[in-house]
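Q: Could you show me, step by step, how to read some features of a protein model?

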Amino acid sequence: MKTRKNAGKKFQPYNNLIEQLAAQAAEADNKILPEILVITTFPPRQCGIATYSQDLIKALNDHYVDSFAIKICALENNNEKHSYTDPAVKYILDVSDPESYNQLAQAINEDDNIKVVLMQHEFGLVHESVSNFNFFINDVKKPLAVVFHTVLPGPNDELRANVQHILDRADSLIVMTNNASDILVRDYIVNRDKITVIPHGTHLVAHTDENELKRKYGFEGRTILSTFGLLSAGKSIETTLDALPAVIKNTPDVLFLIIGKTHPTVALNEGEAYRDSLIAKITELGIEENVKFINKYVDLNELLEYLQLTDVYLFTSKDPNQAVSGTFSYALSCGCPIISTPIPHAKEVLAGETGFTFDFGNSGQLADRINTLLSDSELRRTMVLNGLHKIIHTAWENSAVDHAKLLSQMGNIKLEYRNPAVNLNHIKAMTTDFGMLQFSQLNRPDLNSGHTLDDNARAMIAMSQYYKQYKDPEALRYIKIYLDFIEFCQFEDGRFMNYVDVNKQFTAQNKNENLEDSAGRAMWALGYVVSLSNILPLEITAKAARMFQRSLSLTKNIYSTRAMAFVIKGLYYYNRKIKDADTLIYIKLFADRLVQMYLHESDDEWKWFEGYLTYANSLLPEALLLCHTITGDETYKEIAKESFDFLISHTFDENAIRIISNRSWLYRGGKRERYGEQPIDVAYTILALRKFHDIFKSEEYLNKMEMAFNWFLGNNHLQQIIYNPCTGGCFDGLEEYNVNLNQGAESTVSYLMARLTITKYFGNADMVYFRRKQRAAKISALRSLEF
């Protein structure tokens, strides 16, 4: 009894830890998500800020999981009353009623779950009751972020005092342009550190062929000019109408689309007087065949298609103080060359062959700019590409990252990214009946880039992973295409070629490059398919097995470090289904070569197989760990872990993965170059982390796997997405100041491999629940132990 009593004391700290874990698990199971309250106009109210907020909130909810709940306080007044169907609308603020302000402030303060308030500010929204609004923001005792949609320069005393009150009360300020930030610092009293610039969000689009869209909408053979937005006199549409006769003279087939209904407030106060005046001018100018009204509130998908079929987009606002335009931003993201009046947003974005500006109301200048663009297709193409590179960082997904980062700091909210849905559209688009193409221009496959064994081997692995998880019969067609391509590249003696042109001819590049890595990738892919013989059709796996055996004997002459690692992966998967002595012989052969390389190169400071870190580094320790799982050799396991831990010490910081730059290698004792990060290296790291986590059961490897995958979703030095959820493609690289927008085969397939690898570990509500249950099971098992 005495011994048992002492044992209880000995293990009391351990028991306390179990109880602490159990309490945390119970709290997680009953977790109430912290709330972010957004005060804004909101649909069905029709205005730019309502649409903006709807898009932002959707992006935040799509991009994060189990992190926060977004609630809405909808702004109304005596003339604007609506019924809201969105369950996120928690409050309504009637800005015409002082008591409504008081009730809202009280409700916010008494709700412990509201962690931060985000206010969309536009002067016209609270102009009826500025003093009530000022009292309201004073009364709210929660962290407050204010988004200024308009920042007016050179304010008079009354305006400055009202704005200053907001600036002083707000904990954070958000503006959409650098110019707006400069105005706040210059013309008001505010510290620049309090200001965050988050550009107006834009929608990623698939860049559908414009001729196809023109046929769809009945505009085939027409040159399209367009503008869109809720119609009001401030749009200055008449400026374009006056310019059209000079444009029609050069381009008779031109058609100007005026997209959008009259602004509801304008319609309430003035009816359709402005639209009627435009119709009268069209008749007066005799241009009825060259102008078309799309007189409705156009839904998003239709709007984005109208913009993608547009040859030149026109923004003619006559307000020099308009800081930013959502319509302008949408047009840029849809690949429109733009001609705009010189509002601050336009001057920032259109500099450097991105578009043209013209003087307010100057129809002659506008006509000249339109004619210049319509006569020069190469200039239009240059402007489109420049515009897309400038605007991509404003995608709603990136806006969500920027907002979430700021709001989470203000409200002490822990963020967890949501895994995007699996989207095969771009992979399918990149695949011909012969094989996967190598490159794309943006998201449009480049037929002239030809094909490679590398890309088709990776694609076969990824599509087989996909079939394993989803059992989608359509995937089998693509697996067969990739397998047939690999067979095309394999000679009868087992040798592989890598490069094939669009005419199905092997190129001279095969003679100028070492093909060992490509052969190794092919062996990995073939071995992986063989491992799925209980899932994939026999005709596929049997063919892969024959091809694997045809090349196996040649692999003994491979000495390239990464090529050996690829072959080991192929042998590992092949061995899962087909056991033979040769497999073990080859595995030990390559494993021992890696061990010898490691012993030769490593020392107390440099625990690696080579004197440098370069591409696909994580393959090497992963391959050695796989050798251990088959042979049981502890030396392989020890070196694998030691080298992998060394690698991740150089490729991770506390918050993110920082893979080795493709600009230069990291030599022993040398200085590391930053930037130039590619998706394939992140994907290979994720695959290795998964295997190390499964073998060593270390939470650190799981956390780093999640950190690495989140690189694709915005957890990188630019805080920008690398994966494009619209197309299913992956951007080709992360540079110092920009993302490479081309979505080639290597990047897209690498992302898919990573996405399918992490499915069961994190990133969606089901997995969050599963991990909690795992934690509960672990606690239960600990409690069952006898001490």
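Q: Is R668 buried or exposed, or does R668 count as partly exposed?

A: Relative accessible area sorts residues into classes: buried is under 20%, exposed is over 50%, and partly exposed lies in between, with a 1.4 Å probe and protein chains only. R668 comes out at 35% relative accessibility and therefore counts as partly exposed. This is a predicted model, in which local features need pLDDT of at least 70 and side-chain atom pairs count only at pLDDT 80 or more, while totals for chains, interfaces and linings use all residues. Residues are numbered from 1 along each chain as its sequence is written, and side-chain values use heavy atoms, with hydrogens and water left out.

Q: Which side chain does R668 meet in a salt bridge?

A: Side chains of opposite charge can pair when their charged atoms come close. The term salt bridge is used here for a side-chain nitrogen of Lys or Arg within 4 Å of a carboxyl oxygen of Asp or Glu. R668 meets E601 in this way, at 2.9 Å from N to O. Because R668 lies in the loop between β19 (666–667) and α28 (679–696), and E601 in helix α25 (residues 581–601), the pair ties together parts that are 67 residues apart in sequence. Helices (H or I, at least four residues) and strands (E, at least two) are DSSP runs, numbered from the N terminus. E601 is partly exposed, with a relative accessible area of 22%.

Q: How many salt bridges does the structure hold?

A: The structure holds 33 salt bridges. One of them joins the side chains of R45 and E80, at 3.9 Å from N to O. R45 lies in the loop between β1 (35–40) and α3, and E80 in the loop between β2 (69–76) and β3 (89–94), so this pair ties together parts that are 35 residues apart in sequence. R45 is buried, with a relative accessible area of 10%, and E80 also counts as buried, at 12%. In another pair, D493 and R495 meet at 2.7 Å, N to O; D493 is partly exposed at 41%, and R495 is partly exposed at 40%.

Q: How should I read helix α3, and which of its residues are buried?

A: An α-helix has 3.6 residues a turn, so residues three or four places apart point the same way. The expected span of a helix is 1.5 Å times one less than its number of residues. Helix α3 (residues 48–63) has 16 residues and reaches 22 Å from its first C-alpha to its last, close to the 22 Å expected. Its buried residues are I49, A50, Y52, S53, D55, L56, I57, A59, L60 and H63.

Q: What can the backbone angles show, and where is H207 placed?

A: The angle to read for H207 is phi, which is near 55°, a positive value in a residue other than glycine. H207 sits in the loop between β7 (195–197) and α8 (210–217), and at 17% relative accessibility H207 counts as buried. Q719 has a positive phi of about 55° although it is not a glycine, and Q719 is found in the loop between α29 and β20 (723–724). Omega describes the peptide bond from P43 to P44, which is cis, with omega near 20°. P44 is found in the loop between β1 and α3.

Q: Where is W711, and is W711 buried or exposed?

A: W711 is found in helix α29 (residues 699–713), and W711 counts as buried at 0% relative accessibility. W711 and P679 are 32 residues apart in sequence and 8.9 Å apart in space, C-alpha to C-alpha.
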